[in-house]
There are 2 protein chains.
Amino acid sequence: MNDTHATSAKNGTSVTFLGIGSMGAPMALQLVKAGFDVTVYNRSADKCAPLVAAGARMAGSAAEAVTPGGIVLTMLSNDAVLTDLMTTQGVAEKLGGGLHVSMSTIAADTARTLSTLQQGHGGQYLAAPVFGRPAAAAEGKLWICQSGAAAAKTLAQPLLAAIGQSVADFGDDPGAANLVKLCGNFMILSAVEAMSEALTLAEKSGIDRTALTSFFGQSIFSCPIYQNYGRILAARTYAPAGFALALGMKDVKLVQASAEAAGVPMPLANLLHERLLGSMAKGRGALDWTAIELTVAESAGMTPVPLQP
Amino acid sequence: MNDTHATSAKNGTSVTFLGIGSMGAPMALQLVKAGFDVTVYNRSADKCAPLVAAGARMAGSAAEAVTPGGIVLTMLSNDAVLTDLMTTQGVAEKLGGGLHVSMSTIAADTARTLSTLQQGHGGQYLAAPVFGRPAAAAEGKLWICQSGAAAAKTLAQPLLAAIGQSVADFGDDPGAANLVKLCGNFMILSAVEAMSEALTLAEKSGIDRTALTSFFGQSIFSCPIYQNYGRILAARTYAPAGFALALGMKDVKLVQASAEAAGVPMPLANLLHERLLGSMAKGRGALDWTAIELTVAESAGMTPVPLQP
């Protein structure tokens with residue numbers, strides 16, 4: 001670890017951002033806006049164009065984007081893609097004694113493995129998954145949870161401050177923050193299932209969908225998840241996806257794997273898996289994950305009409 | 001209906017409050033404080049003492065507490081107790097052309113039946129169930145949802161304004177507001193189940209319970225349910241009960257009956273029923289309904305230590 005980074009100034013520090021998707025793009029843009037010298041790489045190069053226009057540099061490969069001993073932030077779609085990037089594509093080796101700030105939603109065990117990998121190259125690893133959808137990312141309003149070594153947290157602090165509105169700490173275990181992230185996504189989808197069943201019961205009983213979600217969003221459930229998802233569910237605006245149903249399936253499977261490893265029966269997680277499986281079977285993997293509501297309504301003999309992707 | 005009530009002044013109007021329990025007592029007290037002339041009755045007379053000290057009058061029976069053509073508010077523990085009060089104990093008949101403001105959590109069909117009953121005596125019925133625990137009731141901060149005839153809403157408005165911080169309207173059907181109430185309790189207990197499974201997974205994985213619930217309560221779930229219940233779950237303070245687990249079982253059974261009547265499969269409601277059933281089997285009916293968490297933790301081989309009632 002290069003100690004000159006320990007006092008990371010906002011201006012001039014070179015950082016690499018890998019994974020310019022619906023979340024990565026606005027997150028990287030916040031770093032550019034905050035004055036960091038950002039180099040980006042994405043498998044689909046066209047996704048990088050707006051960032052280049054804003055002042056970022058685009059590399060021709062993942063490894064080429066990396067500065068030895070520097071800082072790499074990653075936001076990839078799943079464990080396999082991230083692991084391939086860090087190993088087969090040589091990012092961990094080239095980064096060497098630098099810092100990997102790992103922000104994807106991945107399994108706790110994958111985080112621990114990648115942490116050990118970077119330490120083997122003389123570097124550090126910080127788990128820093130995020131909560132919030134693309135609109136929140138575009139405003140630097142994500143909620144970040146972190147875990148890992150203290151030095152890594154100090155080094156990453158100004159970067160995370162540019163990306164998120166708060167950073168909650170969960171200790172040294174590099175897997176801890178990812179487990180918190182999985183718990184959060186599990187709780188969110190549980191709320192969506194509960195809202196979907198309640199909305200179906202209410203609608204078949206003659207109660208207005210919008211009146212119902214609006215009431216709860218202004219009273220006992222006056223928080224972002226119930227307000228934002230309540231609006232989506234009431235109007236059935238499942239496309240474009242803020243978070244794709246297929247990605248939700250990935251996360252629920254990670255929850256189930258974590259639960260099995262820890263020895264924790266989670267019947268609600270199993271119910272959500274069944275719900276997502278039925279939704280995928282109906283070809284809804286690219287819709288927003290709130291689209292599980294369609295399957296709930298159909299199970300009650302209704303014929304809901306969603307917006308199509 | 002006595003039209004002189006249509007302009008209900010806060011001072012001097014005589015009202016009757018039946019059902020002085022953990023919720024009814026603070027609700028009735030708000031009416032006394034707002035200047036209404038309140039007469040109360042409860043099966044256990046000792047519950048009324050603090051209200052009498054505050055200026056309420058206590059009647060010797062439910063019917064004796066009622067003024068013909070006046071206003072009666074009821075807050076009873078279940079459908080059977082309320083129905084017995086209105087029919088066998090003669091409240092509906094004595095109330096006659098007056099208004100019954102029915103605030104208990106009961107089935108939509110029971111509400112419709114009681115509405116028809118009061119109309120048969122020349123009077124009116126307003127469904128006005130509430131959200132919030134005793135502490136919220138003591139501050140006049142309940143959230144009320146109402147449904148019924150427009151004239152009944154006008155007449156009850158100053159009373160509901162003294163009891164709640166807001167009143168959401170769900171139309172003419174006297175059963176609608178009760179269905180909304182049941183949907184809300186279903187969504188709350190769903191959130192408790194989700195938090196319980198997540199907390200068990202987190203704790204067995206070495207993550208601090210309070211850190212987890214605190215993070216979610218300050219970010220994506222920054223609303224009363226997750227904040228208040230998160231604190232209870234993290235510390236396992238299941239006694240004294242704010243809302244008894246046995247009453248939660250009553251509500252989930254009402255949800256299931258409504259779902260069957262409407263033709264809506266609700267697998268999450270069924271899961272909650274199983275969870276409550278197992279908790280009741282372990283003798284936890286008098287604990288707060290968040291105590292379902294103990295059963296979740298035990299299912300994972302843990303030996304949680306709660307406060308005892």
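Strand β2 (residues 37-41) of chain A is largely enclosed by the rest of the structure, because 4 of its 5 residues are buried. A residue counts as buried if 20 or more other C-beta atoms lie within 10 Å of its own, as exposed if 12 or fewer do, and as partly exposed in between, with C-beta atoms placed from the backbone. Strands (E, at least two residues) and helices (H or I, at least four residues) are DSSP runs numbered from the N terminus. The model is predicted, local features need pLDDT of at least 70, and side-chain atom pairs count only at pLDDT 80 or more, whereas totals for chains, interfaces and linings use all residues. Residues are numbered from 1 along each chain as its sequence is written, and chains are lettered from A and ligands numbered from 1 in the order in which they are written.

β2(A) pairs in the parallel sense with strand β1 (residues 14-18) of chain A over 5 bridges; pairing requires that DSSP find at least two bridges between two strands. In this pair, A:Phe17 stands opposite A:Val40 of β2(A). Helix α1 (residues 24-33) of chain A, together with β1(A) and β2(A), makes a right-handed β-α-β unit. A crossover is termed right-handed if, with the strands pointing away from the viewer, the path from the first strand over the helix to the second runs clockwise. β2(A) is also joined by 2 bridges to strand β3 (residues 57-58) of chain A, and these two strands run parallel. Here A:Thr39 stands opposite A:Arg57 in β3(A). The β-α-β crossover from β2(A) to β3(A) passes through helix α2 (residues 49-54) of chain A and is right-handed.

The largest nonpolar core has 223 residues, and A:Ala28 and B:Ala28 have the most contacts inside it. Such a core is a set of buried Ala, Val, Leu, Ile, Met, Phe, Trp, Tyr and Cys residues joined through C-beta atoms within 7 Å. Apart from residues up to four places away in sequence, A:Ala28 touches A:Phe17, A:Ile20, A:Val38, A:Val40, A:Leu51 and A:Ala56. Contact between two residues means that their C-beta atoms, placed from the backbone, lie within 7 Å.

Strand β6 (residues 124-127) of chain A is covered on both faces: A:Gln124 and A:Leu126 on one side, and A:Tyr125 and A:Ala127 on the other, are all buried. β6(A) and strand β5 (residues 99-102) of chain A pair in the parallel sense over 4 bridges, and A:Ala127 in β6(A) is the bridge partner of A:Ser102. A right-handed β-α-β unit is made by β5(A), helix α6 (residues 108-120) of chain A and β6(A). Strand β8 (residues 142-148) of chain A runs antiparallel to β6(A), with 2 bridges between them. A:Leu126 stands opposite A:Gly148 in β8(A).

Chain A is divided into domain 1 (3-172) and domain 2 (179-299), with bounds from an automatic or database domain assignment. The centres of the two domains, taken over C-alpha atoms, are separated by 29 Å. Contacts link 11 residues of domain 1 of chain A with 13 residues of domain 2 of chain A.

Between the chains, 55 residues of chain B are in contact with 55 residues of chain A. On the chain B side, α9(B) gives the most, with 19 residues. The residues on this side divide into 39 nonpolar, 12 polar and 4 charged, where Ala, Val, Leu, Ile, Met, Phe, Trp, Tyr, Cys and Pro count as nonpolar, Asp, Glu, Lys and Arg as charged, and the others, Gly among them, as polar.

B:Leu268 lies in helix α13 of chain B and is buried, with 26 other C-beta atoms within 10 Å. Leaving aside neighbours within four places in sequence, B:Leu268 is in contact with A:Glu193, A:Ala194, A:Glu197, A:Leu271 and B:Ser190. In helix α10 (residues 209-218) of chain A, the residues A:Leu212, A:Thr213, A:Phe215, A:Phe216 and A:Gly217 are buried. Their cover includes α9 (176-204) and α11 of chain A, together with β8, β9 and α9 of chain B.

A:Ile232 is placed in helix α11 (residues 224-235) of chain A and counts as partly exposed because 19 C-beta neighbours lie inside 10 Å. Not counting residues up to four places away in sequence, A:Ile232 touches A:Thr237, A:Asp288 and A:Thr290.
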